[in-house]
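Ready for some practice with strands and their neighbours? Have a look at what is shown below, then work through the exercises one step at a time.

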Amino acid sequence: MNFNKVSACLSVMAGGVLALSTAPAQAFNFTTGSSLGNCSALAGPFYSGASGQQISNFTTGSCTTADGFTLSANVGSLQSQIVNGVTGVGITSGSNDPVLAEINTGEELNLILPRTGVLQSLGLSFLYRPGVFSDRVYEVAAAVSDTNLTGTLRITSPTTAFWNVPGLGILDQVVNAVSGSNPDGGGWYDIANPFGNSSLSSLVLKPLPGSTTDNPYNPTNEWLNSFQNTDFSLVSAEVKSSSVPESVPEPGTLTGLTLVGGLLAAFRRRKTT
(Lines give C-alpha, C1' and ligand atoms only; values in the text may rest on other atoms or scores of the structure.)
Protein backbone atom coordinates (compact mmCIF):
# COMPACT_ATOMS: atom_id res chain seq x y z
CA MET A 1 0.00 0.00 0.00
CA ASN A 2 1.23 3.49 -0.80
CA PHE A 3 2.40 5.08 2.47
CA ASN A 4 1.70 8.64 1.36
CA LYS A 5 -1.90 7.79 0.55
CA VAL A 6 -2.35 6.03 3.87
CA SER A 7 -0.84 8.99 5.73
CA ALA A 8 -3.19 11.39 3.97
CA CYS A 9 -6.17 9.19 4.73
CA LEU A 10 -5.27 8.83 8.39
CA SER A 11 -4.65 12.57 8.66
CA VAL A 12 -8.19 13.19 7.43
CA MET A 13 -9.43 10.67 9.99
CA ALA A 14 -7.53 12.46 12.74
CA GLY A 15 -8.96 15.80 11.67
CA GLY A 16 -12.44 14.32 11.74
CA VAL A 17 -11.89 12.92 15.22
CA LEU A 18 -10.63 16.30 16.47
CA ALA A 19 -13.63 18.05 14.94
CA LEU A 20 -15.91 15.93 17.11
CA SER A 21 -14.60 17.65 20.22
CA THR A 22 -15.94 21.06 19.25
CA ALA A 23 -19.70 21.59 18.93
CA PRO A 24 -20.94 24.50 16.81
CA ALA A 25 -22.62 27.47 18.47
CA GLN A 26 -26.43 27.56 18.53
CA ALA A 27 -28.37 30.80 18.21
CA PHE A 28 -31.56 32.63 17.23
CA ASN A 29 -32.41 36.24 16.39
CA PHE A 30 -35.93 37.64 16.01
CA THR A 31 -34.82 40.87 14.32
CA THR A 32 -32.93 39.05 11.54
CA GLY A 33 -35.42 36.18 11.51
CA SER A 34 -32.70 33.55 11.83
CA SER A 35 -33.17 30.02 13.24
CA LEU A 36 -36.60 30.71 14.74
CA GLY A 37 -38.10 27.21 14.34
CA ASN A 38 -41.71 27.12 15.53
CA CYS A 39 -41.16 30.53 17.16
CA SER A 40 -41.23 32.00 13.64
CA ALA A 41 -44.97 32.66 13.94
CA LEU A 42 -44.05 35.37 16.44
CA ALA A 43 -42.18 37.19 13.68
CA GLY A 44 -45.35 38.26 11.89
CA PRO A 45 -47.84 39.18 10.58
CA PHE A 46 -48.40 42.25 12.76
CA TYR A 47 -51.12 44.78 13.52
CA SER A 48 -50.71 48.42 14.58
CA GLY A 49 -50.83 49.03 18.33
CA ALA A 50 -52.16 52.09 20.11
CA SER A 51 -48.72 53.73 20.21
CA GLY A 52 -47.88 52.94 16.60
CA GLN A 53 -45.77 49.87 17.33
CA GLN A 54 -46.38 46.70 15.33
CA ILE A 55 -47.78 43.86 17.51
CA SER A 56 -47.77 40.22 16.36
CA ASN A 57 -51.13 38.60 15.67
CA PHE A 58 -49.81 35.30 17.02
CA THR A 59 -49.44 34.48 20.72
CA THR A 60 -48.32 31.28 22.43
CA GLY A 61 -47.44 30.06 25.88
CA SER A 62 -44.14 28.63 24.67
CA CYS A 63 -42.15 27.87 21.54
CA THR A 64 -38.85 26.29 20.49
CA THR A 65 -36.32 27.73 18.03
CA ALA A 66 -34.62 25.75 15.27
CA ASP A 67 -31.52 25.27 17.43
CA GLY A 68 -33.46 24.09 20.46
CA PHE A 69 -33.92 27.17 22.66
CA THR A 70 -37.27 27.05 24.49
CA LEU A 71 -39.07 30.30 25.34
CA SER A 72 -42.03 30.38 27.73
CA ALA A 73 -44.08 32.91 29.71
CA ASN A 74 -44.73 32.62 33.45
CA VAL A 75 -48.13 34.27 32.91
CA GLY A 76 -50.15 35.07 29.81
CA SER A 77 -48.56 34.47 26.44
CA LEU A 78 -45.48 35.26 24.42
CA GLN A 79 -46.06 38.01 21.88
CA SER A 80 -43.67 40.07 19.76
CA GLN A 81 -43.53 43.60 18.42
CA ILE A 82 -41.45 45.72 16.07
CA VAL A 83 -40.21 49.14 17.15
CA ASN A 84 -38.03 51.11 14.76
CA GLY A 85 -36.93 48.01 12.87
CA VAL A 86 -36.13 45.90 15.96
CA THR A 87 -38.20 42.79 16.70
CA GLY A 88 -38.38 41.51 20.27
CA VAL A 89 -40.47 38.92 22.10
CA GLY A 90 -42.14 39.79 25.38
CA ILE A 91 -45.28 38.84 27.28
CA THR A 92 -48.92 39.89 27.14
CA SER A 93 -50.65 38.80 30.33
CA GLY A 94 -54.23 39.68 29.47
CA SER A 95 -56.59 42.28 28.08
CA ASN A 96 -55.71 44.66 30.92
CA ASP A 97 -51.95 44.42 30.37
CA PRO A 98 -50.86 48.06 29.87
CA VAL A 99 -47.75 47.05 27.91
CA LEU A 100 -48.19 44.45 25.18
CA ALA A 101 -45.36 42.20 23.98
CA GLU A 102 -42.87 43.34 26.63
CA ILE A 103 -41.75 41.84 29.93
CA ASN A 104 -43.46 44.10 32.43
CA THR A 105 -43.89 44.12 36.23
CA GLY A 106 -44.93 40.64 37.44
CA GLU A 107 -43.99 38.98 34.16
CA GLU A 108 -41.03 36.67 33.50
CA LEU A 109 -39.76 35.12 30.28
CA ASN A 110 -38.05 31.76 30.73
CA LEU A 111 -35.28 30.87 28.29
CA ILE A 112 -34.04 27.26 28.34
CA LEU A 113 -30.81 26.72 26.41
CA PRO A 114 -30.48 23.75 24.04
CA ARG A 115 -27.63 22.42 26.20
CA THR A 116 -25.57 23.47 29.18
CA GLY A 117 -22.97 25.88 27.91
CA VAL A 118 -21.40 29.31 27.82
CA LEU A 119 -23.74 32.09 26.73
CA GLN A 120 -21.88 33.95 24.00
CA SER A 121 -24.42 36.73 23.59
CA LEU A 122 -27.78 37.95 24.86
CA GLY A 123 -29.81 40.57 22.98
CA LEU A 124 -32.43 42.66 24.82
CA SER A 125 -34.57 45.44 23.34
CA PHE A 126 -37.02 48.29 24.01
CA LEU A 127 -34.96 49.60 26.91
CA TYR A 128 -35.21 53.38 27.10
CA ARG A 129 -34.31 56.41 29.14
CA PRO A 130 -36.69 58.92 30.78
CA GLY A 131 -38.71 60.99 28.35
CA VAL A 132 -38.72 58.42 25.54
CA PHE A 133 -42.04 56.70 24.79
CA SER A 134 -43.48 58.04 28.09
CA ASP A 135 -40.86 56.21 30.14
CA ARG A 136 -40.15 57.81 33.50
CA VAL A 137 -37.05 55.85 34.52
CA TYR A 138 -33.73 54.59 33.16
CA GLU A 139 -34.91 51.06 32.51
CA VAL A 140 -33.21 48.05 34.12
CA ALA A 141 -33.51 44.44 32.84
CA ALA A 142 -32.43 41.40 34.86
CA ALA A 143 -31.28 37.97 33.66
CA VAL A 144 -31.13 35.31 36.39
CA SER A 145 -29.33 32.04 35.59
CA ASP A 146 -30.10 28.59 36.94
CA THR A 147 -26.70 28.84 38.69
CA ASN A 148 -27.98 31.79 40.80
CA LEU A 149 -26.03 34.44 38.92
CA THR A 150 -27.93 37.68 38.34
CA GLY A 151 -26.97 40.06 35.57
CA THR A 152 -28.54 43.50 35.18
CA LEU A 153 -28.55 45.84 32.20
CA ARG A 154 -29.18 49.49 33.15
CA ILE A 155 -29.63 52.25 30.58
CA THR A 156 -27.22 55.12 31.14
CA SER A 157 -27.50 57.29 28.00
CA PRO A 158 -29.16 57.36 24.57
CA THR A 159 -26.62 54.84 23.28
CA THR A 160 -25.06 53.05 26.27
CA ALA A 161 -25.93 50.80 29.19
CA PHE A 162 -24.08 49.21 32.11
CA TRP A 163 -23.97 45.41 32.49
CA ASN A 164 -23.33 44.06 35.99
CA VAL A 165 -22.91 40.55 37.39
CA PRO A 166 -21.69 41.06 40.97
CA GLY A 167 -21.18 37.33 41.54
CA LEU A 168 -18.56 37.30 38.77
CA GLY A 169 -17.01 40.68 39.54
CA ILE A 170 -18.44 42.20 36.33
CA LEU A 171 -19.22 45.78 37.32
CA ASP A 172 -20.39 48.65 35.10
CA GLN A 173 -19.29 46.97 31.87
CA VAL A 174 -20.27 49.34 29.08
CA VAL A 175 -22.58 47.91 26.41
CA ASN A 176 -23.11 50.03 23.30
CA ALA A 177 -26.52 50.07 21.69
CA VAL A 178 -27.12 48.22 18.43
CA SER A 179 -30.16 50.49 18.05
CA GLY A 180 -30.27 53.44 20.44
CA SER A 181 -32.54 54.31 23.34
CA ASN A 182 -33.91 57.22 21.32
CA PRO A 183 -37.39 57.98 19.92
CA ASP A 184 -36.14 56.62 16.57
CA GLY A 185 -34.28 53.62 18.04
CA GLY A 186 -35.15 50.12 19.19
CA GLY A 187 -33.34 50.27 22.53
CA TRP A 188 -31.43 47.12 21.50
CA TYR A 189 -28.32 46.01 23.39
CA ASP A 190 -26.34 42.87 22.55
CA ILE A 191 -24.32 41.72 25.59
CA ALA A 192 -21.22 39.70 24.69
CA ASN A 193 -20.31 36.82 27.06
CA PRO A 194 -22.78 38.11 29.66
CA PHE A 195 -21.77 35.50 32.27
CA GLY A 196 -18.13 35.13 31.27
CA ASN A 197 -17.08 31.49 30.95
CA SER A 198 -19.69 30.24 33.43
CA SER A 199 -21.86 27.38 32.21
CA LEU A 200 -25.64 27.61 32.51
CA SER A 201 -28.69 25.88 31.14
CA SER A 202 -31.48 28.44 31.57
CA LEU A 203 -32.29 32.10 32.25
CA VAL A 204 -35.22 34.00 33.69
CA LEU A 205 -35.68 37.48 32.21
CA LYS A 206 -37.56 39.98 34.36
CA PRO A 207 -37.76 43.75 34.90
CA LEU A 208 -36.31 45.57 37.89
CA PRO A 209 -37.33 48.98 39.25
CA GLY A 210 -35.77 51.61 37.04
CA SER A 211 -32.96 53.88 38.11
CA THR A 212 -33.98 57.42 39.08
CA THR A 213 -30.49 58.91 39.10
CA ASP A 214 -30.55 62.48 37.71
CA ASN A 215 -34.08 61.95 36.48
CA PRO A 216 -36.41 64.96 36.37
CA TYR A 217 -39.18 62.74 34.95
CA ASN A 218 -39.50 60.85 38.24
CA PRO A 219 -38.61 63.33 40.99
CA THR A 220 -40.49 61.62 43.83
CA ASN A 221 -40.20 57.97 42.69
CA GLU A 222 -43.93 58.00 42.01
CA TRP A 223 -43.55 55.93 38.84
CA LEU A 224 -41.53 53.02 40.25
CA ASN A 225 -44.61 50.82 40.66
CA SER A 226 -46.41 51.83 37.49
CA PHE A 227 -46.43 50.44 33.97
CA GLN A 228 -44.07 53.27 33.09
CA ASN A 229 -41.37 51.45 34.99
CA THR A 230 -39.02 48.99 33.22
CA ASP A 231 -40.37 46.85 30.38
CA PHE A 232 -38.32 45.13 27.67
CA SER A 233 -38.15 42.19 25.26
CA LEU A 234 -35.83 39.41 24.09
CA VAL A 235 -34.19 39.66 20.67
CA SER A 236 -31.52 36.97 20.52
CA ALA A 237 -29.18 34.54 22.26
CA GLU A 238 -26.21 32.39 21.31
CA VAL A 239 -24.63 29.53 23.26
CA LYS A 240 -21.69 27.18 22.80
CA SER A 241 -21.06 23.90 24.59
CA SER A 242 -18.70 24.11 27.52
CA SER A 243 -18.69 20.46 28.57
CA VAL A 244 -15.20 20.04 27.09
CA PRO A 245 -12.69 22.85 26.40
CA GLU A 246 -12.20 23.24 22.68
CA SER A 247 -8.43 22.78 23.00
CA VAL A 248 -8.72 19.51 24.99
CA PRO A 249 -9.90 16.39 23.11
CA GLU A 250 -12.59 14.20 24.63
CA PRO A 251 -11.62 10.68 25.86
CA GLY A 252 -13.02 9.14 22.68
CA THR A 253 -10.99 11.59 20.66
CA LEU A 254 -7.81 10.59 22.51
CA THR A 255 -8.55 6.93 21.79
CA GLY A 256 -8.99 7.72 18.12
CA LEU A 257 -5.78 9.70 17.98
CA THR A 258 -3.90 6.87 19.70
CA LEU A 259 -5.23 4.43 17.09
CA VAL A 260 -4.28 6.78 14.26
CA GLY A 261 -0.78 7.22 15.71
CA GLY A 262 -0.34 3.45 16.05
CA LEU A 263 -1.41 2.84 12.46
CA LEU A 264 0.98 5.47 11.16
CA ALA A 265 3.84 3.91 13.12
CA ALA A 266 2.98 0.47 11.82
CA PHE A 267 3.00 1.65 8.21
CA ARG A 268 6.33 3.39 8.74
CA ARG A 269 7.86 0.16 10.05
CA ARG A 270 6.37 -1.80 7.17
CA LYS A 271 7.77 0.65 4.64
CA THR A 272 11.31 0.46 6.08
CA THR A 273 11.44 -3.36 6.17
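## Strands and their partners

Strand 10 (residues 150-155) and strand 11 are antiparallel partners, joined over 4 bridges. This is a predicted model, in which local features need pLDDT of at least 70, side-chain atom pairs count only at pLDDT 80 or more, and totals for chains, interfaces and linings use all residues. Residues are numbered from 1 along each chain as its sequence is written, and side-chain values use heavy atoms, with hydrogens and water left out.

**Exercise 1.** Find the residue of strand 11 that stands opposite R154, and the one that stands opposite V175 in strand 12.

*Solution.* Start with the terms: strands are DSSP runs (E, at least two residues), numbered from the N terminus, and two strands pair if DSSP finds at least two bridges between them. Next, go to R154: its opposite residue in strand 11 is F162. Then turn to strand 12 (residues 170-179), which pairs with strand 11 in the antiparallel sense over 5 bridges. There, V175 stands opposite A161.

**Exercise 2.** Which residue takes a positive phi in the hairpin of strand 11 and strand 12?

*Solution.* Look between the two strands, where the hairpin has 4 residues. G169 is the one, with phi near 75°. Strand 10 and strand 11 also form a hairpin, with 4 residues between them.

**Exercise 3.** Why is strand 11 (residues 160-165) described as largely enclosed by the rest of the structure?

*Solution.* First, recall that buried means under 20% relative accessible area (1.4 Å probe, protein chains only). Then apply the cut-off: 5 of the 6 residues of strand 11 are buried, so the strand is largely enclosed.

Conventions: Buried < 20%, exposed > 50% of the residue type's maximum accessible area, 1.4 Å probe, protein only.
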